[in-house]
Amino acid sequence: DVKVMDIVPNSTAARVGQIAVGDRLLSVNGKPVTGLSQAQIATELAASGPPKLLLSRPSRARGYSAPAPAAAAAASASATTELSATGLPPLSGPQEEYEVTLERNPGETFGLRLIGQQGEDIRVLEVVPNSAAARVGKIAAGDKLLSVNGKAVNGFSQAQIASELAANGPPKLLLSGPPRARSSSEVKVRLVRQPGKSYGLKLRSQVGASTVVSELVPGTVAATCGQIKEGDTLLAVNGINLTNKSHEEIINILSSKNEADLVLRRDGPAQTQQQQQPALPQPASQPAQAGLQTVKVHLERSAGQ
């Protein structure tokens with residue numbers, strides 16, 4: 001038998017959170033490991049692409065702390081669990097798109113750790129505390145990255161995404177994630193412009209949907225007033241409710257005067273709920289015989305790890 005003797009802290013196997021010391025390795029990438037040497041197993045693990053492991057462990061034996069059983073597993077002494085890479089929850093249910101702009105301080109990283117190979121979904125593995133990504137207050141682990149600076153990342157490699165993020169100017173990201181409860185506040189702003197000048201508001205809007213500030217043009221009254229942020233939702237201009245107004249109508253309302261009283265809504269940080277993973281059994285010193293629980297694991301490691 002090939003068994004797990006140790007899990008190195010902070011490694012890919014540790015981040016998955018589903019492998020336990022004492023688990024028996026059954027196959028790597030669909031190939032049974034019975035009869036393979038340690039060197040042959042290591043070669044298979046290092047082959048192209050994240051390796052897919054099939055392991056087994058004693059299930060609900062005396063001396064084990066069994067996980068909370070799912071309905072299907074409760075009826076059987078063995079169960080199969082498919083786990084996503086690095087333990088992120090699978091993408092399911094309704095997804096909500098949102099835009100952010102990452103503005104970092106000199107010498108600071110963006111603070112966004114991504115995972116996913118070329119041709120796969122690119123997802124947020126971690127938001128580093130006190131970073132540009134954390135300050136935005138909207139990004140959560142598990143969210144899917146859709147585009148950077150208007151360029152869809154589907155088919156991009158990690159290196160291409162990193163290059164796009166580091167291009168001139170703060171990168172604009174489009175992501176999606178499950179709908180989250182957000183605190184919101186109303187912001188009222190008066191803008192006064194010089195005749196012939198622009199307010200400096202770039203908007204993204206659709207009939208029946210929200211009108212969102214997508215960009216503040218540098219040097220304009222919208223940018224220098226310090227009260228408007230990209231991502232704010234524009235609700236009304238000069239007392240006119242913008243609900244069900246077309247983009248052209250909204251622009252005409254803004255352009256009709258050199259003074260604009262704006263009412264905006266600003267969403268606060270997302271209130272995320274951590275996905276609770278069921279506790280996995282830890283082997284006792286002398287476990288009794290029992291059925292086996294089969295666990296499939298997809299390991300995806302960072303470059304150089």
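**Group meeting: a walk through the predicted model**

I would like to start at one residue, Ile-122, which is found in strand S8, the strand that runs over residues 122-127. Please keep in mind throughout that this is a predicted model. Is Ile-122 buried or exposed? Its relative accessibility is 1%, and because burial here requires a value under 20%, Ile-122 counts as buried. If we set aside residues up to four places away in sequence, Ile-122 touches Leu-114, Ile-115, Gly-116 and Gln-117, then Asp-143, Lys-144 and Leu-145, and finally Val-153 and Ile-161. Of these, Lys-144 lies 22 residues away along the chain from Ile-122, and yet the two C-alpha atoms are separated by 5.8 Å.

The protein chain has 7 helices and 18 strands, and buried residues make up 36% of its 305 residues. Among contacts between residues at least 6 apart in sequence, 66% join residues at least 24 apart. The chain exposes about 17,500 Å², and carbon and sulfur atoms supply 50% of that area.

As for confidence, the mean pLDDT of the chain is 75, with 75% of the residues reaching 70 or more. Where is confidence lowest, and where is it highest? The lowest mean, 30, belongs to helix H3 (residues 71-74), while the highest, 94, belongs to helix H6 (residues 221-224). The pLDDT is below 50 over residues 60-86, although in the model this stretch has 57 contacts beyond near neighbours in sequence. Residues 270-291 also have a pLDDT below 50, and that stretch has 45 contacts beyond near neighbours in the model.

The largest nonpolar core has 19 residues, and the members that touch the most other members are Leu-201, Ile-228 and Leu-262. Which elements each supply at least two residues of this core? They are strands S12 (181-192), S13 (201-204), S14 (211-216), S15 (233-237) and S17 (259-271), along with helix H7. Apart from this core lies another, of 17 residues, among them Val-100, Leu-102, Phe-110 and Leu-114; Leu-114, you will recall, is one of the residues that Ile-122 touches.

Going back to Leu-201, its contacts, leaving aside neighbours within four places in sequence, are Leu-191, Val-213, Glu-215, Leu-216, Ala-222, Ile-228 and Leu-262. Helix H7, which covers residues 247-255, has Ile-250, Ile-253 and Leu-254 buried. Those residues are on the same side of H7, because they span an arc of only 95 degrees around the axis.

S13 and S14 pair in the antiparallel sense over 4 bridges, with Leu-203 standing opposite Val-213 in S14. S14 also pairs with S15, again in the antiparallel sense, over 2 bridges, and here Val-212 stands opposite Thr-233 in S15.

Arg-265 is partly exposed, at a relative accessible area of 28%. Its C-alpha atom is separated by 5.7 Å from that of Ser-185, a residue 80 places away along the chain.

Strand S1 (residues 2-3) and strand S2 (residues 24-28) pair in the antiparallel sense over 2 bridges, and the partner of Val-2 in S2 is Leu-25. S2 then pairs, also in the antiparallel sense and over 2 bridges, with strand S3 (residues 31-32), where Pro-32 is the bridge partner of Ser-27. The hairpin of S2 and S3 has 2 residues between the strands, and in it Asn-29 takes a positive phi near 55 degrees.

Definitions and conventions
Residues are numbered from 1 along each chain as its sequence is written. This is a predicted model: local features need pLDDT of at least 70, side-chain atom pairs count only at pLDDT 80 or more; totals for chains, interfaces and linings use all residues. Side-chain values use heavy atoms; hydrogens and water are left out. Buried means under 20% relative accessible area, exposed over 50%, partly exposed in between (1.4 Å probe, protein chains only). Contact means heavy atoms within 4.5 Å. pLDDT is the predictor's confidence in each residue, from 0 to 100. The arc is that of the directions from the helix axis to the C-beta atoms. A nonpolar core is a set of buried Ala, Val, Leu, Ile, Met, Phe, Trp, Tyr and Cys residues joined through side-chain atoms within 4.5 Å. Accessible areas come from the Shrake-Rupley method with a 1.4 Å probe; for residues, only the protein chains shown count as cover. Two strands pair if DSSP finds at least two bridges between them.
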